[in-house]
Amino acid sequence: MELKTDIQYLKGVGEKRAQLLRKLGVYTVGDLLHFYPRSYEDWSQIVSIEDARIGEVCCVRAIVDRKPVGARIRQGLTLYKTDVTDGRSIMQITIFNNRFLADKLEAGEEYLFYGRVGGSLWKKEMNTPLAEKAEGGKRIRPIYRQTEGMTSRTIERLEATALDGCVSQCPETLPAWIRDKYCLCAIENSLRDVHFPPDMDYASHARRRLMFEELLTLTLGMRLLRGRNRARTSFRVQTDETARFIEKLPFRLTNAQRRAIEAITADMAQDAPMNRLLQGDVGSGKTVVAAAAVYNAVQSGMQCALMAPTEILAMQHFETMRKFFAPFDLRVALLTGSTRAAEKKKIYACLQAGEIDLLVGTHALLTPDVTFRRLGLVITDEQHRFGVEQRAALGKKGEDPHILVMSATPIPRTLALMIYGDLDVSVLDELPPGRKPVRTYAVTGEKRERALGYVRDHLDRGLQGYIVCPLVEEGETPMAAAEEYAAELRSGAFHDYNVGLLHGRMRPKEKEAVMRAFASGEVRLLVSTTVIEVGVDVPNAVIMVIENAERFGLSQLHQLRGRIGRGRESSTCILISDAQNDEALRRLRIMTQTNDGFRIADEDLRMRGPGDFFGARQHGLPELKIADLVSETQLVHEAGACAEELLRRDPDLSEAVHRPLRAAVETLWGGVGSSGMN
Ligand code: ADP
Ligand code: MG
C-alpha cells in the first residue's frame, strides 16, 4: 500500500464507501491520513457515578442491572430504560429510539458509558450514551466529520488500517531545525497521535505540529506567490498638502480618518512604495481617506487609479470624487466596460498625455490599452474581490506605484496577517458622528405583510428603503425573479410609490439611471438583487428587507445591511427567513445581536473556513484542513516568523532538506490558479 493508492483499494473500503469518502475530499490513502478528527471523546478519564458532574460529558464504568426494556411512547418513539451501578451508586440509562444500543447491553456485564450526565443528585442519569465493553480499556477516541452512510466509527477503523499500512511512508516536511526550534513532533508520530492519541496531551501536541505545518505552508506559498522585493519608487510626495483638501470638506474628519491620512502621507513620502491596507467597517468613511491620498499624490505630479469591483460602485466613486475635487483643479475620468468606444479612445489618449489625474473604473482599467504617463498611486476598493494577480496587474501599469487597498469586509486580524504579511494596516475603528446602530430583526415569512407595512410607514415619512430580492431557484433567471417581485410590489402595497429595480443583468446605463433616481429620492423604494451590496451610499435610505436571508453568508448580510444606518434617522433591517437548520438560525441570530463587523467576520470565518470566506479560491487562499486562523493567533505568528527565517536562509526552498516542504507548498497552492512559483 502506498500513500497515493486509490482509497477504494484500502481494506474495508470498496466502491461504495470510496464514493462517500471522496465526498469528504479523500481520494487516496494519503488523503485519509490527513483527514483529521474534528474532536475527541475522552474515554480515559473514568469517574465514579458519585463524582460524575451533572451537565458535563463523562465516562463512567458500570454494570448493567437488567436488560433495558422498551416502552413505546408514541408512533416512532420508543424509550428504553435500565439502571447501571458501579458498586456504590446507581445511575439511570435512558435510550431514545436506539434499539441497537439497547440490544447490546447485557445484564451483569460491565461497560463504559460516555455521555452527558443529567438527572439529580439523588439519581443521576445519562441519555442515549455511547457504550463500549469495559475490557476494551481506556482511551481517547477520535470523532470525524461524517457523511450520510459513513459513521465516524467506520472512518476510525479505516484510519487504523491506513496508519498501519503506510504512515512510515509520509515524508517529513519540517526539517529538524524547525522542529527543534518550535518544539514540534515528527510527522509519523503526529499522524499516529492525531488519530489515536494515548492521552489528550499527545493529541494537542500532534495537532499543534500539523497546524504549524499547514500555516507555514500557507505563509510560504503566500510569500513566494507575492514576491517580496520592495522596490524603490520614483514617486514621492514632496509636501503634505492634505490640509488644503480637508479644509474644503463638508464635514469634520473622525480621528481615525485623520490618523489614516497621516499614515498614508508619511508612507508616500518614503523611497519605498506604500503598501497599505485601509480597513474599516461599512460606513466608516474610507472614500474620503482615499480622496485625500489622491489629492496629495496629484499635487506631487502623480496620476492615480481607483479600481472598484462593480460598475455601480465605480460610478458612485466617480461621482463622489468629482464632488470632493470640485473646489480644485483635478481631472477625474470614469472607465468601465460600458464606456463608449469613442470615449474610451479619448480617455486612453488623455491618460497617456498625463491629462487625467484620477481614473476611476472597474476591471476595465486592467486592459492593455490603459497606459498611464506617470501612475504613482493605485487604490483598489473592496479588494478581496480581486484576485492576487489582478491586483498585481494594475500595479504593473506604473513603475512600482504606491498601493492602497480598501477593505469593507473587516478581515479578521489573523487572516489579514496571513494574506498580506508585511502590509501596513490602518483601521478606521470609529464611525462618523451621529450614526445610530441599525436595529435588526429576523422574522419568518408569515410576517412579510407586516414587514412590508413597516417599510411603507417609512416611505410615508419621506424616507427610503431597500428590498433585497429572494435569490433565484435553479433555472430561473435573477432578472425574471427580481422583475416579478418588483411588479408585485408596484401593483400591490406600493402602487402609489415609485419603485425602482436593480439587477445584475441590466445595462450599465440603466443601472446608473436607477441609482441616480434613488440617490435623488425620486425612486423611493429600491428592489434589488445583491448588486447593491457594495459601497452604495444613500443616507436617506433607512430601512431594508432581505428576503431568503438564510441563503446569504454573514459577511454578505453585514455588507448589505451596511447600506442603511448612514444618516441621522435610526435604521431598521428585517431579515425574512423560514430556515430551520441550526447554522442558518445561528447566523440570523448573530445579525440581530451585533453591528460589529469584526465580530461578524470572525464568526463567518469560524463557520465557513477561510477558503469559503473569500468566496472561493480565486481570492487566493487554499482550504485549510486543521488550522483555525481565528483561534490560533499565536501559531499564526510563529509560522510567519518561521517562514521569514526559512526564506532568508533558502529563498526558493531548493536545499535538499527543504524540498519536501516546497512540495507541500506546491500541493497546497496547486489549485489556486496560475502561480508565480517556478
Ligand atoms: P465606506 O467606508 O463604507 O466606504 P464611505 O466612504 O462611503 O464609507 O462613507 C460613508 C458616508 O459617510 C458617506 O456619505 C460619507 O460622505 C460620509 N462620511 C465620511 N466621513 C465622514 C465624517 N467624518 N463625518 C460625516 N460624514 C462622513
Ligand atoms: Mg466604500
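Let me open with Leu 210, which has its place in helix α7 (residues 200–226); helices here are DSSP runs of H or I with at least four residues, strands are runs of E with at least two, and both are numbered from the N terminus. At 3% relative accessibility, Leu 210 counts as buried, where buried means under 20% relative accessible area, exposed over 50%, and partly exposed in between, with a 1.4 Å probe and protein chains only. Leu 210 and Ala 186 are 24 residues apart in sequence, and their C-alpha atoms are 9.7 Å apart in space.

A word on conventions. This is a predicted model, in which local features need pLDDT of at least 70 and side-chain atom pairs count only at pLDDT 80 or more, while totals for chains, interfaces and linings use all residues. Residues are numbered from 1 along each chain as its sequence is written, chains are lettered from A and ligands numbered from 1 in the order in which they are written, and side-chain values use heavy atoms, with hydrogens and water left out.

I turn to the aromatic residues. The structure holds 10 aromatic pairs. Rings of Phe, Tyr and Trp, the last by its six-membered ring, pair if their centres lie within 6.5 Å; planes under 30 degrees apart count as stacked, over 60 as edge-to-face, and the rest as tilted. Why is the pair of Tyr 111 and Phe 113 tilted? The ring planes of Tyr 111 and Phe 113 stand at 50°, with the centres 6.0 Å apart, so the pair falls in the tilted class. Tyr 111 is buried, with a relative accessible area of 1%, and Phe 113 is buried at 0%.

Phe 245 and Phe 328 also make a tilted pair, because their planes are at 35°, with the ring centres 6.1 Å apart. This pair links distant parts of the chain: Phe 245 belongs to helix α8 (residues 242–247), and Phe 328 to the loop between α11 (311–325) and β13 (332–335), 83 residues away. Phe 245 is buried at a relative accessible area of 1%, and Phe 328 is buried at 14%.

Arg 649 lies over the face of Trp 177, at 3.7 Å from the ring centre; the criterion is NZ of Lys or CZ of Arg within 6 Å of the ring centre and within 35 degrees of the ring normal.

Next, the second largest pocket. About 1,300 Å³ of space lies in this pocket. On a 1 Å grid over the protein atoms alone, a pocket is an open set of points where a 1.4 Å probe fits, with protein on both sides within 12 Å along at least five of seven lines, and lining residues have an atom within 4 Å of a point. Grid points are joined across faces, edges and corners, and the volume is the space filled by probe spheres set on the points.

The lining has 41 residues, and those closest to the pocket centre are Gln 316, Thr 320, Asp 537, Pro 539 and Arg 566. Two or more lining residues come from each of α10 (286–299), α11 and α17 (508–520). Which element gives the most to this lining? It is α11, with 9 residues. By class, the lining divides into 16 nonpolar, 12 polar and 13 charged residues; Ala, Val, Leu, Ile, Met, Phe, Trp, Tyr, Cys and Pro count as nonpolar, Asp, Glu, Lys and Arg as charged, and the others, Gly among them, as polar. The pocket lies between domain 2 (266–428) and domain 3 (439–594), because both give residues to its lining; the domain bounds come from an automatic or database domain assignment.

Two backbone points follow. Asn 548 is not a glycine, yet it has a positive phi of about 50°. Asn 548 sits in the loop between β22 (541–546) and α18 (554–561) and is buried at 17% relative accessibility. Leu 653, likewise not a glycine, has a positive phi of about 50°. Leu 653 is found in the loop between α21 (633–649) and α22 (659–669), buried with a relative accessible area of 0%.

Gly 504, in the loop between β20 (499–502) and α17, is partly exposed at 44% relative accessibility. Arg 53, in the loop between β2 (46–47) and β3 (57–64), is exposed at 53%.
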